[in-house]
Amino acid sequence: MGDSLVSRLLHFIRIDDVMDHVARVSAHDRYQASLGLERAAGTVAEAATAAGLEDVGVQRFAADGRPQWWTFRAPVSWTPLSAHLTVFAGSGPGAPEVWHADHAEQPFTVATYSAATPRGGTVARLVPVGGDDPVGPAVSGAVAVVDRAAFVRGSLLRELTAAGALGLVTDAPCKGGEPDPHVGRIELPPDSRLFGFSVTPAMFRAARAAAERGATARAEVTVDRTAAMPVVSGLLPGDETAGEIWLTAHLCHPRPGSNDNASGVAALLGIAAALSRARRADSRHGTRRPIRFFWGAEFLGNAAVLHGRSQPGGGGLPDALINLDMVGEDQTLCRSPFVVERPPETTPTLLGPLAEHVVEQVFAATADSPGTWSPSPFLGFSDHALYADPSVDRPAVQFCHPADRFNHSAGDSPDKVSPVEMTRSTVAGAALAHLLASDGPDAATRSAVVERWYGRERQAVSELRRGTPDGWGSGLAEHVARRGAALRALAAGASVTEAGALCEPDGARASDGRAVHRRWPGPLNLRAMLGELPPATRTVLTGMIAEDKHHLSVLFNLAIRANGRRDRDRIITETSYGLRRPLDPDTTARLFDALLESGWLTES
């Protein structure tokens, strides 16, 4: 296994090609079902064929917003053909122009799913909307100039729509300060009757001042609704009777979206090319298992693939999956380390320790360049989350840089992508895919990898226990010891079932309280679950998630542990151990109660 595999693959990486893929994909506006995404899919399919993949194809799914794959709805087709907003200093026909915004020149200016204006555009009053003030009748037929405090109000869009507003303009999602602010993303509901524009703080201040003087704006939004949702796939062949290894990277994102996620898309193309070159250079480099690549819309693309492959004759599910999302960030600029996000601790697997071992080797081989890496508990914010659901239960790991200060803004451009980081992610993905497809290292090497992993975990737990309740800290240490025993057994050749039995706490093989059962079909879809909640509860939860995205991760981790054998207290305790932090009791109770209120979990 060792350094030789990483060294060989470093030789086969063509980083200039990988960076060119980043730039080419970044040029497209890649909304989940759009003409831009279809064009980007064509670019990727062409590159995948050139990289040496076989059976390359683009599957197109209807983008009509209807339920298609278990609880997952198809996206709604939406492509902004043009989007302009001009603010004037007054209301008369000769009023001077204050500023003009054009989505063609400034990415992220138009809100996703903005409603089209009448042909030729519309002229309307500008009306300030701020703070906690209720939206009044003054916004009827007007464009609301919304400040940050009002924008984060969960009910704002409903209020504007009910009051008859035509659209809104705000700087609330803007990232970065002067002198180089970056316009940020606004996403409206797919059936929105509003249009929206995202602007810089200076533009917002000028619009607000104009609104207070009774000024007007002219908006024009034209939209195409014909595009489908494409998914690109390709194959490095192997023994057709062996289970497949899958690699995924989501293709969708408004332009430029270079780290999120042109970087992952390009890394997969680089992985395919490197493995193909290695095979051509040395026939012994081939793998037993086929390696299949997928590029599509985030979550929905994988939902469509999983649904089709799980049907009789559909081809079956993978033995393991590697997801690459936001892998190329320049650590100096974006301020985020390379992260290996582990599989959830619901089913024992060697995938996490193997992934961390490979990444450690890659960073050692590129140590002349700055940068760090770290492991992370399973959070589930990207496509790998679908494979964590008990109905799928396939080990999946993610490579990512999760904390990018330019994310979801026009600042996420190719200059923020580092060739060194792209090299690291591409080599790590290629090496791990090769190991998995070759049935991994021998037993002695597996055991050594597990012991090294367990040593790091014990050290991490020792540091975590400082400042945490004694009972929780000792419980975490016992939990990690059980995980270590299970992984040692797997490394020695035990079955997943045998290893899983070692993870059970003593005396807790049956639920001590009322067992919690899942009530949803297919992979967990928290967006659909939130839609099942009563409006008041949904408003509270969406506000909590908007305030702290990690509440979504807690929800996900709670839900996937409901297997009919654990009670509520045990699920919450195991979730806190899995996330490696104590959970606030009141917040966690609110989240768990919401899962029950939705009907997606039941107790009996």
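Helices here are DSSP runs of H or I with at least four residues, and strands are E runs of at least two, both numbered from the N terminus. With that, glycine 214 follows H6 and has a positive phi, near 80°.

This is a predicted model, in which local features need pLDDT of at least 70, side-chain atom pairs count only at pLDDT 80 or more, and totals for chains, interfaces and linings use all residues. Residues are numbered from 1 along each chain as its sequence is written, and side-chain values use heavy atoms, with hydrogens and water left out.

Staying with H6, residues 201–212: why does its length agree with expectation? At 1.5 Å a residue, times one less than the number of residues, its twelve residues should span 16 Å, and the end C-alpha atoms are 16 Å apart. Pro201, Phe204, Ala207, Ala210 and Ala211 of H6 are buried, meaning under 20% relative accessible area with a 1.4 Å probe, protein chains only. Among the elements covering those buried residues are strand S4 (79–88) and helix H4 (148–151); contact means heavy atoms within 4.5 Å.

Now the cores. A nonpolar core is a set of buried Ala, Val, Leu, Ile, Met, Phe, Trp, Tyr and Cys residues joined through side-chain atoms within 4.5 Å. The largest has 104 residues, and Phe293, Trp295 and Phe399 have the most contacts inside it. Helix H7 (residues 258–281) gives the most to this core, twelve residues. A second, separate core has 41 residues, including Tyr113 and Leu168. Tryptophan 295 touches, among others, Val44, Pro230 and Leu268, leaving aside residues up to four places away in sequence.

Notes. Buried < 20%, exposed > 50% of the residue type's maximum accessible area, 1.4 Å probe, protein only.
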